[in-house]
Amino acid sequence: MSFLELKDLRIHFPTDDGLVKSVDGLSFTLERGRTLGIVGESGSGKSVTSLGILGLHKGGRARISGEIWLDGEELVGASQEHVRTLRGKKMAMIFQDPLSAMHPFYTVGDQIIEAYRIHNDVSKKVARKHAIDMLGRVGIPQPARRVDSYPHEFSGGMRQRAMIAMALSCDPELLIADEPTTALDVTVQAQILDLMRDLQRDFDAALIVITHDLGVVAELSDDILVMYGGKCVEYGTSDDIFERPEHPYTWGLLGSMPRLDREPTERLMPIKGSPPSLINVPSGCAFHPRCAFEERTAGLAKVEVPELRETEGGHLVRCHLPAERRRAIWRNEIKPNLEAS
Amino acid sequence: MVTYIIRRLIWAVVMLSIVSIITFAIFFLVPRLAGATSESLAARYVGRTASAEQVKVAAEKLGFNDPLIVQYGRFAKGIVAGADYDYGPGVEHCPAPCFGYSFLTRLPVWPDLLDRLPVTMSLAFGAAVIWVIAGVATGVLSALRRGSLFDRAAMGVALAGVSLPIFFTGIVSLVVFSYGHPFRITAPGGSFTPIEENPAMWAYNLILPWITLAFLYAAGYARLTRAGMLETMNEEYIRTARAKGLNERVVVVKHGLRGALTPILTIFGLDLGLLLGGAVLTESTYSLPGMGKYAIDAITNQDLPKVMGVTLVAAFFVVFANLIVDLLYAVVDPRVRLG
């Protein structure tokens, strides 16, 4: 059995306007030491998925079904209290904006010490030493002094490093990073990505990186899962997604990604339209109203939800177009445009 | 930090001076503008049967014939350096801080105030403990169970608490819990036992005023806490705290409530400062001999030195409480820099 396995995970929120299907039948597996990138637009269900794995929807209004297996334990059916004991210890999370994700009234050190002492029965003194070690390990200079600083006294990049130190303080086996670099300066982003890659190797943790930035996943991920409207639309290795993408939505993401190796005069190709409503999900393929190739399915995309099918060697695609057609479109119509310079 | 405190203390003195000038002006300048003479002012303090001659002597003795600025200067000097008063038979020295002698009773004001202060402090601090605990706890529970029956009931009671005046709730509670009922929980007003004399009696005599006063304030604190908690519990740092694996109670108290504490602290400082100057309605309703009662009596009798004294002491507490709140702000919220 895989270290982490999601089976048909559904997270729905009942609201006054209707049922919001934030995550709707998501399955994937992840091994220790591997990195999975989850990519998609805002509202595609990435963050809801990660919070669901941590069990942070439990006790709320969310309706959760399906299975989450972590190291042989099923979490969806497990008690809130049991999942709490796993949080921070077995699985930890790095949030997007460290300034709002850290408590403004406690020092960085206190917050790391707190995280460590929840799961380790040690004195404050020992925990403090551990906190200083962790801060040093994530590359914060003079950690013995900085441990007593407040989050607002750190720069953005330092704060994210501190956040990472906090998440790693209990040596988690699963680390989820939700948009870890989105709130940072571009120059700092690369440093944080390097740091995460190094630390993951050291800690041998399974890493899930959630982002809308394909550049980030390209840096870090072994595997990539593309989400759209709460569903996985394409899954494959980093090579599959960047070299042989088969889903029109993935093509759209690639086309809208700014690249330094292209002519500055060249226009990006944004995906037209906006993300689907999760209450009134479009009929058939959720992407069909925005898909440039929808008419080539002879109307099928409008009425039938496509299955997630394997096209070759673990590469999964949710599209009505036949595999050969998709490859031909990629080869003849999309790829030349992306590479034109 | 030290320079900040010094600067604030200087400001406090300036504030108090302004307050004293205004109070002084209201009592002396306004009647004169309305046409009162030194004699008609003095007439209030000598009794109805006094002759015109006696009134004139009294006016001279009370210093009403001097220019206002001189009168005020004499008063201010008394507070800082003490003063000598010539009351017929001999000269009396009134040591600093001297708020003068009552126009009516000829007794010095300051010892009177010192007598009243423990009553008001007992009332204010006791009530504060009750209202902070009750108000904040209710607010937290309401916020966590937003929309529940508890929340709606608590907020309904809170609305009543804010709206009902002390002289209503106080009298109702006296009728229900005190006057001659078998289940009375306190003596019918008017008695105050110093805490150092008999702590049990002290509490017994004050429990009803405490609860009445606390009811009024707890209501506001419950609403304030509830609003603050609803906001902070949606903050991202709460999600972080949960993601660490903290149990929910710690998340709520250490992270949520801590984040919502700042505005509560501000209001608390101001409320307490104001109350220490006298809980006028509560003290009147329960006939407690505190600062508020003293102020009412002083104003009714137009006894200027008493009014000045009680006003300045009340203003001092407000100014002082403000200073303490500002200093505590920097402790509670490390992002605040004093300077």
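Modeller: The discussion below covers the contact between the chains, then parts of each chain, for what is a predicted model.

Colleague: How many residues does the contact take from chain A and from chain B?

Modeller: The contact draws on 23 residues from chain A and 17 residues from chain B. On the side of chain A that touches chain B, helix 2 (80-86), strand 6 (91-94), helix 3 (98-101) and helix 4 (108-119) of chain A each supply at least two residues.

Colleague: Which element of chain A gives the largest share of that side?

Modeller: Helix 4 of chain A gives the largest share, with four residues. By class, the side of chain A that touches chain B consists of 12 nonpolar, six polar and five charged residues.

Colleague: Let us turn to sheets. What is the order of the open sheet of four strands in chain A?

Modeller: The order is 2-1-4-5 in chain A, and the pairing is antiparallel. Strand 2 (18-30) and strand 5 (73-74) of chain A stand at the edges with a single partner strand each, so one side of each has no neighbour in the sheet.

Colleague: And how many bridges pair strand 1 with strand 4 of chain A?

Modeller: Strand 1 (residues 4-15) and strand 4 (residues 63-70) of chain A pair over seven bridges, in the antiparallel sense. As one example, A:Ile11 has A:Ile64 in strand 4 of chain A as its bridge partner.

Colleague: Which strands does helix 1 of chain A lie across?

Modeller: Helix 1 (residues 46-53) of chain A lies across strand 1, strand 2 and strand 4 of chain A, and runs at about 70° to strand 2 of chain A.

Colleague: Is that helix mostly covered or mostly open?

Modeller: Helix 1 of chain A is mostly covered, with eight of its eight residues buried. The buried residues of helix 1 of chain A include A:Lys46, A:Val48, A:Leu51 and A:Ile53. Just after helix 1 of chain A, A:Gly55 has a positive phi of about 75°.

Colleague: What does UniProt place at residues 4-254 of chain A?

Modeller: The UniProt record, an unreviewed entry, places the feature "domain: ABC transporter" at residues 4-254 of chain A. Over residues 4-254 of chain A, the chain is 40% helix and 27% strand, and the end C-alpha atoms are 28 Å apart.

Colleague: Into which domains is chain A divided?

Modeller: Chain A is divided into domain 1 (104-169) and domain 2 (246-339). The C-alpha centres of domain 1 and domain 2 of chain A lie 43 Å apart.

Colleague: Back to strands for a moment. How many bridges join strand 9 to strand 10 of chain A?

Modeller: Strand 9 (residues 223-228) and strand 10 of chain A run antiparallel and are joined by six bridges. A:Tyr228 has A:Lys231 in strand 10 of chain A as its bridge partner. The hairpin of strand 9 and strand 10 of chain A has two residues between the strands, and A:Gly229 takes a positive phi near 55° in that hairpin.

Colleague: What about strand 10 of chain A: how many of its seven residues are buried?

Modeller: Six of the seven residues of strand 10 (residues 231-237) of chain A are buried. Strand 10 of chain A also pairs with strand 12 (residues 315-318) of chain A over two bridges in the antiparallel sense. There, A:Tyr235 stands opposite A:Leu316 in strand 12 of chain A.

Colleague: Now chain B. How many helices and strands are there in chain B?

Modeller: Chain B has 13 helices and two strands. Of the 339 residues of chain B, 36% count as buried. The C-alpha atoms of chain B fill a box of roughly 85 × 60 × 40 Å along the principal axes.

Colleague: How many residues of domain 1 of chain B are in contact with domain 2 of chain B?

Modeller: Chain B is divided into domain 1 (2-94) and domain 2 (109-332). In the contact, 11 residues of domain 1 of chain B meet 12 residues of domain 2 of chain B. Helix 1 (residues 2-33) of chain B gives the most to the domain 1 side, with nine residues.

Definitions and conventions: Residues numbered from 1 in each chain as written. Chains lettered and ligands numbered in written order. Predicted model: local features only at pLDDT ≥ 70, side-chain atom pairs only at ≥ 80, totals over all residues. Contact = placed C-beta atoms within 7 Å. Nonpolar A, V, L, I, M, F, W, Y, C, P; charged D, E, K, R; others polar. Pairing = 2+ DSSP bridges. Axes fitted to C-alpha atoms, helices over the stretch in contact; angles between N-to-C directions. Buried ≥ 20, exposed ≤ 12 C-beta atoms within 10 Å, placed from the backbone. Domains from an automatic or database assignment. UniProt positions renumbered as here; feature names shortened; annotations may be inferred.
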